[in-house]
Amino acid sequence: MRSSIEIYNIKTGQTRVVWQTTQLVEAPNFSPDGDYLLLNGDGLLYRLALDGSGKVEKVDTGFAAACNNDHGISPDGRQIVISDKTEFGKSTIYVLPAEGGAPRLVTQNQPSYWHGWSPDGKDLAYCGIRDDLFDIYTISVDGGEEKRLTRGEGRNDGPDYSADGQWIYFNSSRTGLMQIWRIHPDGTGLEQITSDNYGNWFAHPSPNNDKVLILSYDPDVFDHPRDLDVRLRLMDMDGGNLTTLFKLFGGQGTINVPNWSPSGDEFAYVRYYPISA
């Protein structure tokens, strides 16, 4: 399989290919200064320069050599958050300096899969599996006690903060098909945002606080597997004007984590191709 790292401009409707590789890479994050993308592959993290050089640099993640695709960069660009299973055998959230270094433990409970960083840099949002229930949690970036926002109403996953910090968007199967919901960080104000005949995952609010990007599967697809025909769709913050931007071969790894450019005009994603294509 070939991984194609691409950037789509929502104003022009144009796509540009940034890098292609035969390595399986996933989940691009834009750095806050827009200079690079952070990717994962083979349990490690990489920086992909966006200056046209195509330079790819491995990030020093210390002992963490089993990182999954749930990683990101702090709003101030000084830290990286990872989800790694090296130490405990289950996905666990750590933070480390953006330049690389020793990971610092954040979540005591496992498995925990990071998905969102609050705009003020103080809190992390994640999916935690506790007693076989997939729920949304938040925790201080310094660690401590986790706060549970959902209570086992279906599977709850993929939380990401709105740019104003007022909402956490997430996907939930509580009404059947996976749909997009949102909730205030204090656990109030739960709202369903989408209610259509697709399996909707990984809602990422724009830094301009005006649009939300989602990945949608056909209704017969369970979970969020890779290597399927999917679509990337854009909607207003309240779910209005939901529009398909384009279809692609992807799924798992395409947009698992926050992927908007700092300006909110573009987003990064991964498209996959068979090697023979």
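## The largest pocket

The largest pocket is lined by 23 residues, and those nearest its centre are I73, P75, P207, P258 and W260. The space in this pocket comes to about 550 Å³. Four strands, β3 (26-30), β7 (72-73), β11 (112-117) and β15 (156-161), each supply at least two residues of the lining. The model described here is predicted.

Rolling a probe the size of a water molecule over the atoms shows where empty space is left.

Strands of a sheet pair through backbone hydrogen bonds, either parallel or antiparallel. In this model, 4 strands form an open sheet with antiparallel pairing, in the order β19-β20-β21-β22. Which strands stand at the edges? They are β19 (199-205) and β22 (243-250); each has a single partner strand, so one side of each is left without a neighbour in the sheet. On average, neighbouring strands of this sheet are turned by 25° against each other, direction ignored.

Within the sheet, β20 (residues 211-217) and β21 (residues 228-236) pair in the antiparallel sense over 6 bridges. L215 stands opposite L232 in β21.

S172 belongs to strand β16, which covers residues 168-172. Is S172 buried or exposed? Its relative accessibility is 0%, and buried means under 20%, so S172 counts as buried.

Two polar partners of the S172 side chain can be named. The side chain of N156 makes a polar contact with the side chain of S172 at 2.8 Å. The backbone oxygen of E153 lies 3.4 Å from a polar atom of the S172 side chain. Leaving out residues up to four places away in sequence, S172 touches E153, R155, N156, L177, M178, Q179 and W181.

Most residues other than glycine have a negative phi, and most peptide bonds are trans.

A27 is found in strand β3, one of the strands that supply at least two residues of the pocket lining. With 0% relative accessibility, A27 counts as buried. N209 lies in the loop between β19 and β20, and because its relative accessibility is 26%, N209 counts as partly exposed.

The peptide bond that joins Q110 and P111 is cis, with omega at about -5°. P111 is found in the loop between β10 (104-105) and β11.

Note on methods: Residues are numbered from 1 along each chain as its sequence is written. This is a predicted model: local features need pLDDT of at least 70, side-chain atom pairs count only at pLDDT 80 or more; totals for chains, interfaces and linings use all residues. Side-chain values use heavy atoms; hydrogens and water are left out. Two strands pair if DSSP finds at least two bridges between them. Axes are lines fitted to C-alpha atoms, for helices over the stretch in contact, and angles run from 0 to 180 degrees between N-to-C directions. Buried means under 20% relative accessible area, exposed over 50%, partly exposed in between (1.4 Å probe, protein chains only). A polar contact is a pair of N or O atoms within 3.5 Å; within protein, one must be able to donate a hydrogen and the other to accept it, and residues adjacent in sequence count only if both atoms are side-chain atoms. Contact means heavy atoms within 4.5 Å. On a 1 Å grid over the protein atoms alone, a cavity is a set of points where a 1.4 Å probe fits but cannot get out, and a pocket is an open set with protein on both sides within 12 Å along at least five of seven lines; lining residues have an atom within 4 Å of a point. Grid points are joined across faces, edges and corners, and a volume is the space filled by probe spheres set on the points.
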